[in-house]
Amino acid sequence: MVNKTSSYGMSQGEQAYERIESLIAHMELKPGETMTMADLQERVSLGRTPVLEAIRKLSDDTLLEVRAGRGVKITPIDLHRERRLLRIRRDIESFVVELAIDNASGLVRSQLNQLARMLRELKSGSDIRPFNELDKRMDQLLLEAADEPFVERTLRPLHTTFRRLGYLYQSHLGSERTVQENIQMHIDMLDAIIERDTPNALKATHLLMDFMEEMFVPLERDLAPSYLDINIKPF
């Protein structure tokens with residue numbers, strides 16, 4: 001079966017990946033939830049072939065698990081594992097920032113400027129999806145500028161993992177202040193990259209990683225475990 005391409009230049013397999021990834025990142029597909037192939041097809045309004053393609057990719061990304069004869073399971077949130085992964089992300093993200101500063105084309109820099117303006121105009125609210133969408137676009141542009149496929153394959157699933165964790169934190173434990181702090185750190189990082197100011201870009205990157213590190217204690221201490229895995233029954 002041919003995997004058709006949309007008018008936006010994305011194949012149906014890529015569309016399926018993007019839609020399922022967004023459902024995972026915004027916890028519409030809950031950690032630990034199981035579903036059939038038919039369920040997923042219905043959720044993303046795409047056929048079996050593109051959804052299968054997306055599932056293979058998401059499984060490689062460790063965002064879901066394929067269960068033979070039982071459909072798929074959304075990977076639960078393992079705070080201990082994700083804290084370790086943040087150490088990996090910190091180092092790779094710094095490398096990407098340095099590559100992006102060295103390699104970014106005029107077109108990419110123009111898009112980064114636009115993103116910075118949009119972040120400045122972003123209003124706080126209970127729904128952090130608008131921020132998450134801009135954050136995702138920023139990640140994509142920096143990876144595009146870095147132009148290193150190995151790094152992209154490593155960072156892409158980490159970005160989704162921490163976008164989901166940030167969504168969970170902000171939805172249940174965050175505040176308008178933490179949203180604004182997060183937005184400002186992204187703006188500072190973008191401004192430094194656009195100005196090709198490597199020391200301040202790396203400083204902003206590390207502050208952003210520190211901000212993520214600080215989420216773990218309240219997530220472990222204050223959040224019901226069933227938010228991390230729906231199969232854990234409340235006490």
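Helices (H or I, at least four residues) are DSSP runs, numbered from the N terminus. The structure described here is a predicted model, in which local features need pLDDT of at least 70 and side-chain atom pairs count only at pLDDT 80 or more, whereas totals for chains, interfaces and linings use all residues. Residues are numbered from 1 along each chain as its sequence is written, and side-chain values use heavy atoms, with hydrogens and water left out.

The domain assignment of the protein chain gives domain 1 (12–74) and domain 2 (79–225), the bounds being taken from an automatic or database domain assignment. The C-alpha centres of domain 1 and domain 2 are 24 Å apart. Contact (heavy atoms within 4.5 Å) joins 15 residues of domain 1 to 14 residues of domain 2.

Two helix pairs were examined. Axes are lines fitted to C-alpha atoms, for helices over the stretch in contact, and angles run from 0 to 180 degrees between N-to-C directions. Helix H1 (residues 12–25) packs on helix H2 (residues 37–44) at an angle of about 95°, and their axes lie 10 Å apart. H1 and H2 are therefore roughly perpendicular to each other, a term that covers angles of 65 to 115 degrees. In this pairing, Arg 19, Ile 20 and Leu 23 of H1 meet Leu 40, Arg 43 and Val 44 of H2. The contact of H1 with H2 comprises four nonpolar, no polar and two charged residues; Ala, Val, Leu, Ile, Met, Phe, Trp, Tyr, Cys and Pro count as nonpolar, Asp, Glu, Lys and Arg as charged, and the others, Gly among them, as polar.

The axes of H2 and helix H3 (residues 48–60) cross at roughly 105° and come within 10 Å, which makes H2 roughly perpendicular to H3. From H2, Met 37, Leu 40, Gln 41 and Val 44 meet Arg 48, Val 51, Leu 52 and Ile 55 of H3. Six nonpolar residues, one polar and one charged make up the contact of H2 with H3.

On a 1 Å grid over the protein atoms alone, a cavity is a set of points where a 1.4 Å probe fits but cannot get out, and a pocket is an open set with protein on both sides within 12 Å along at least five of seven lines; lining residues have an atom within 4 Å of a point. Grid points are joined across faces, edges and corners, and a volume is the space filled by probe spheres set on the points.

The largest pocket holds about 470 Å³ of space. Its lining has 16 residues, of which Glu 18, Lys 136, Gln 140, Glu 152 and Arg 156 are the closest to the centre. H1, H6 and H7 each supply at least two residues of this lining, which divides into three nonpolar, three polar and 10 charged residues. Because domain 1 and domain 2 both give residues to the lining, the largest pocket lies between them.

Four cavities of 30 Å³ or more are counted, and the largest cavity contains about 280 Å³ of space. Among its 22 lining residues, Phe 131, Asn 132, Phe 162, Gly 166 and Asn 182 are the closest to its centre. H7 gives the largest share of this lining, seven residues.

Key. Angles under 35 degrees count as roughly parallel, over 145 as roughly antiparallel, 65 to 115 as roughly perpendicular and the rest as oblique.
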